[in-house]
Amino acid sequence: MIEGASLLGEQERDILVRGGVIAEIGEPGSLRNTPDAQGAYVVDARGLIALPGLVDLHTHLREPGREDAETVESGTRAAAAGGFTAVHAMANTSPVQDTAGVVEQVLRLGEKAGWVDVVPIGAVSVRLEGEQLAELGAMADSAARVRVFSDDGKCVWDPVLMRRALEYVKAFDGVIAQHAQEPRLTENAQMNEGIVSAEIGLAGWPAVAEEAIIARDVLLAEHVGSRLHVCHLSTAGSVEIIRWAKSRGINVTAEVTPHHLLLTDDLARTYDPIYKVNPPLRTAADVEAVREGLADGTIDIVATDHAPHPREDKDCEWAAAAFGMTGLETVLSVVQQTMVDTGRMTWGDVARVLSAAPARIGRIDEGPRAQGRPLAAGEPANITLVDPKATREVRPADQQTASENSPLRGRELPGVVRATFLRGRATILDAAPVRIEAGA
């Protein structure tokens, strides 16, 4: 039983969990002496905010193939530490998640680890090469029940292939999640194209390279009547395109990452590859635009784009370094700092953009293993408890991810996840992982 938690930052309530389900929610102290509460394990949640378990629509777990950067075990443990109860695992593994066999392998690895629900994302094209559609139908019909397809890391640049993919997934209510990057406009690009890139001499990555693909794809989605999701939106122009598309009734959703909510391209002046990411960090004006877009609902969700790398892939000169940043364990703090503490969003809004909306987009919001559901009697007991008044210094060595490429290292951030419950089973207690049996 959870006592005294502030539901979505509002009223304090006790939450009684039985059989992996929220059995009852009552006034503080009202459930302790009920028959169902006798012998229950009690968590003192006074001063803590209760949120539905977080859901990430954009996680790179690297396994199979790049276990030197992350494994499903380490990545999902990091997810639980960040307050997540479900993550969608991107397809750019080795082998690529472009067949039913590989997505089922990732599903089984997630079940064995047991920290969170792992929902595999299928590739749009065979081997992410952008030439031939992958086995979309077979992956959708597999045990993994794939509903999100993406070549993330690469753009589906061919408009004919993109149209075919959008048409194909309509049959099973799937969605294409596009990595919007026009390849010809970003050849050898290293950072955002602008004043900073000109001053420090790194090849620029123009905003229009993202915006042109988004504009094309929302029109394709409108033409075929299919669902489109835009990954890691990063520019003010992209926000305006999504806003325009939604005003036309086009079925498009979009995400922003925590690093694009917080950091700017000015950090590239350090030449530290920890700040090298795809899409690149943008200007302060872009950061303001994506915050506004998230606040007003133009941008639907926050997704981490958690991209772990081994040390040697970042401990080198900028041009040779890999793109990507970790984010699972710090996203809630970044959202609190940039959106909640600034008054732009409430904790109820946080539950929407980090739980309910990503679960709905991924079509995992129904059934006995549903995610993103409200905190209410009869719902699965996926619960995150966060201490909004606590602060912590980001130290990669203290994190659960196997990689150390956090752009927030050394920063003081607000908010600490004190506990995470997956269908009533604690995966995090007192801000530390709870050892679990494999497959539990």
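His232 is buried, at a relative accessible area of 2% (buried means under 20% relative accessible area, exposed over 50% and partly exposed in between, with a 1.4 Å probe and protein chains only). Its place is the loop between strand E13 (228–230) and helix H7; helices (H or I, at least four residues) and strands (E, at least two) are DSSP runs numbered from the N terminus. The phi angle of His232 is near 25 degrees, a positive value in a residue other than glycine. For background, most residues other than glycine have a negative phi, and most peptide bonds are trans.

Before you go further, please keep in mind that this is a predicted model, in which local features need pLDDT of at least 70 and side-chain atom pairs count only at pLDDT 80 or more, while totals for chains, interfaces and linings use all residues. Residues are numbered from 1 along each chain as its sequence is written, and side-chain values use heavy atoms, with hydrogens and water left out.

## The whole protein

Stepping back, the protein has 11 helices and 19 strands. Its radius of gyration is 21 Å, close to the 22 Å that the globule rule gives for 440 residues, so the protein is as compact as a globular protein of that length. That radius is taken over C-alpha atoms, and the globule rule is 2.2 Å times the number of residues to the power 0.38. Along the principal axes, the C-alpha trace spans about 65 × 45 × 45 Å.

Of the 440 residues, 61% count as buried. The accessible surface comes to about 16,700 Å², and 48% of this belongs to carbon and sulfur atoms; such areas come from the Shrake-Rupley method with a 1.4 Å probe, and for residues only the protein chains shown count as cover. Contacts here are heavy atoms within 4.5 Å. Among contacts between residues at least 6 apart in sequence, 73% join residues at least 24 apart.

## H7 and its two helix partners

Helix H7 (residues 236–247) packs with helix H9 (residues 284–295) at an angle of about 25 degrees, their axes 8 Å apart. That makes H7 roughly parallel to H9. Axes are lines fitted to C-alpha atoms, for helices over the stretch in contact, and angles run from 0 to 180 degrees between N-to-C directions. Angles under 35 degrees count as roughly parallel, over 145 as roughly antiparallel, 65 to 115 as roughly perpendicular and the rest as oblique. On the H7 side, Ala236, Val239 and Arg243 meet Asp286, Ala289, Val290 and Gly293 of H9. The residues of this contact divide into four nonpolar, one polar and two charged, where Ala, Val, Leu, Ile, Met, Phe, Trp, Tyr, Cys and Pro count as nonpolar, Asp, Glu, Lys and Arg as charged, and the others, Gly among them, as polar.

H7 also meets helix H6 (residues 207–224): the two axes come within 9 Å and cross at roughly 10 degrees, which makes H6 roughly parallel to H7. From H6, Glu210, Glu211, Ile214, Ala215, Val218 and Leu219 meet Gly237, Ser238, Ile241, Ile242, Trp244 and Ala245 in H7. Eight nonpolar, two polar and two charged residues make up the contact of H6 with H7.

Val224 is part of helix H6 and is buried, with a relative accessible area of 11%. Beyond neighbours within four places in sequence, Val224 is in contact with Arg163, Leu166, Glu167 and Lys170. Val224 and Leu202 are 22 residues apart along the chain, and their C-alpha atoms are separated by 39 Å.

Val42 sits in the loop between strand E3 (21–26) and strand E4 (43–44) and is partly exposed, at 33% relative accessible area. With neighbours within four places in sequence left aside, its contacts are Met1, Glu3 and Arg32. Val42 and Glu104 are 62 residues apart in sequence and 37 Å apart in space, C-alpha to C-alpha.

## Backbone details in other loops

Two cis peptide bonds are handy to look up. Ser94 and Pro95 are joined by a cis peptide bond with omega about 5 degrees, and Pro95 lies in the loop between strand E7 (84–89) and helix H2 (100–113). The bond from Asn278 to Pro279 is cis, with omega near -5 degrees; Pro279 is in the loop between helix H8 (258–262) and H9.

Arg423 has a phi near 50 degrees, a positive value in a residue other than glycine. You will find Arg423 in the loop between strand E17 (412–422) and strand E18 (425–429), where Arg423 counts as partly exposed at 21% relative accessibility.
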